[in-house]
Amino acid sequence: VGGYAELGIDPGLFAKRLMTESESFLRSKPNTTNPLEVMDFALAQVKQAKIEGGSTFCIALLDGKNLISGNLGDSGYLIIRDNKLHHRAQQTTHGF
């Protein structure tokens with residue numbers, strides 16, 4: 001991601017647009033329980049807008065008592081309850 005700045009590309013624009021488009025999707029379909037649908041939509045919108053860059057991408061949705069997540073890249077999340085680690089998302093990588 002850092003290499004984009006050397007090319008004159010603001011890497012933050014890509015990441016911010018992913019999140020803006022993710023929010024847009026979730027507002028239009030608040031009952032969705034599939035994070036990959038959210039991620040696919042957001043990425044398609046970013047590509048359509050011809051925004052260059054790269055980003056890690058993590059979406060987590062609650063479905064009742066279940067947490068369903070999609071994670072792309074070297075970031076992720078932890079679930080900690082009562083000072084104990086209950087879950088650690090695995091890192092994944094993928095080229096856009």
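Trainee: Why is Glu23 called partly exposed, rather than buried or exposed?

Mentor: Buried means under 20% relative accessible area, exposed over 50%, and partly exposed in between (1.4 Å probe, protein chains only). Glu23 has 40% relative accessibility, so Glu23 counts as partly exposed. This is a predicted model, in which local features need pLDDT of at least 70 and side-chain atom pairs count only at pLDDT 80 or more, while totals for chains, interfaces and linings use all residues. Residues are numbered from 1 along each chain as its sequence is written, and side-chain values use heavy atoms, with hydrogens and water left out.

Trainee: What makes the contact of Glu23 and Arg27 a salt bridge?

Mentor: The term requires a side-chain nitrogen of Lys or Arg within 4 Å of a carboxyl oxygen of Asp or Glu. For Glu23 and Arg27 the N to O distance is 2.8 Å, so the pair qualifies as a salt bridge.

Trainee: Why is Arg27 called exposed?

Mentor: Its relative accessible area is 64%, so Arg27 is exposed.

Trainee: Why is Glu21 called buried?

Mentor: Glu21 has 11% relative accessibility and therefore counts as buried. Its side chain meets that of Arg17 in a salt bridge, 2.7 Å from N to O.

Trainee: What makes the pair of Phe25 and Phe41 tilted?

Mentor: Rings of Phe, Tyr and Trp (its six-membered ring) pair if their centres lie within 6.5 Å; planes under 30 degrees apart count as stacked, over 60 as edge-to-face and the rest as tilted. The count by this rule is one aromatic pair. Phe25 and Phe41 lie 5.2 Å centre to centre with 45° between the planes, so the pair is tilted.
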